[in-house]
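My notes follow in the order I made them.

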Amino acid sequence: MFLFVLPLLALTSPDVLSPELTQDTVRRAGMQETETTSEVSDAPNQLHTVVLDAGHGGKDPGTHGHYAKEKTINLELILQLGRKIKSMHPNIRVIYTRSSDHFVDLYERGAIANRNRADLFISIHCNASPSSSQVNGTETYTLGLHKTQRNLDVARRENAVILQEKNYQQTYKGFDPNSPLATIMLANYQHAFMGSSINFAEKIERSFRRNAERKSNGVKQAGFIVLWKATMPSVLIETGYLTNPAEENYLRSDEGQEEISTAIYKAFVLYKQEIEAGG
């Protein structure tokens, strides 16, 4: 077991931070990293930079319903959320891990947040239930221990994206997304921002109930690679089940996307206010 733990821990060191970006679009390693620029305040406890991550993309469609692809819905929701943040908080830098339909390596998503010294990382996804088309509702994950088999299954499904990356064995130091043991050991990694991540996740799920009248399945923890290397409060939001026909229609609709993005935005505002008040 220790032979596996040691190389896994070698991945936990933060990425070297790059100088602050000065242009709207920066290309690195063949992918697009897009931000909106603004003046940054030096006031203490200010939330300066948010990285928004649309899960999957390009050759990786994610899960799907009868007609909707997860990668498409994730992107539409993340862009709507970004527009809401920039419209009401022009001094906040909003950076997208992807702003179009292209593939981004899983490790690179968190690395983008680290390079840009983000204060918050938000990853949006859609869920799936292979056992029943009646399962529905939202849930928001932070990095941590799996408390149920289903949490483990969700993490394994999301982590399996690395199999589509080049040289993933070297990049992830032998991590096997199909191994329950590997994913459980990843979940044991103690994230320094776990408390803040859970706080934000709770606000998101509460906002889904109050502002979008969604069924909330609560805040959960699991071992997600996309959250593992992010050195700031980070959440992964499962906005609904594409395997449920009613939720697929909802998530694909203009009304549904507006309600979901608004609910996340309202949670973001509450979190921002709390952080900047020194809470």
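Entry 1. The model is a predicted one. I began with the partners of strand S3. S3 pairs with strand S4 (residues 93-96) in the parallel sense, and the pairing has 4 bridges. I looked up one of the partners: Val50 is bridged to Val94 in S4.

Entry 2. I then followed the chain between these strands. S3, helix H2 (residues 70-88) and S4 form a β-α-β unit, and the unit is right-handed.

Entry 3. I checked S3 against strand S5 (residues 120-127). These two strands also run parallel, joined by 5 bridges. Here Val50 stands opposite Leu120 of S5.

Entry 4. Next I asked how many residues of S3 are buried. I found that 6 of the 6 residues in S3 (residues 49-54) are buried, so the strand is largely enclosed by the rest of the structure.

Entry 5. I recalled that side chains in a regular strand alternate between the two faces of the sheet. In S3, Thr49, Val51 and Asp53 point one way, while Val50, Leu52 and Ala54 point the other way. All of them are buried.

Entry 6. I turned to two helices. A helix pair is described by the angle between the axes and the distance between them. Helix H7 (residues 194-211) packs against helix H10 (residues 254-276) at about 135°, and their axes are 8 Å apart. That angle makes H7 oblique to H10. The contact includes Phe200, Ile204 and Phe208 of H7, and Ile260, Ile264 and Tyr271 are among the H10 residues that take part. I also noted that H7 passes H10 in a right-handed crossing.

How values were computed. Residues numbered from 1 in each chain as written. Predicted model: local features only at pLDDT ≥ 70, side-chain atom pairs only at ≥ 80, totals over all residues. Heavy atoms only, no water. Buried < 20%, exposed > 50% of the residue type's maximum accessible area, 1.4 Å probe, protein only. Pairing = 2+ DSSP bridges. Right-handed = clockwise from strand over helix to strand, strands pointing away. Axes fitted to C-alpha atoms, helices over the stretch in contact; angles between N-to-C directions. Parallel < 35°, antiparallel > 145°, perpendicular 65-115°, else oblique. Left-handed = near helix turned anticlockwise from the far one by under 90°. Contact = heavy atoms within 4.5 Å.
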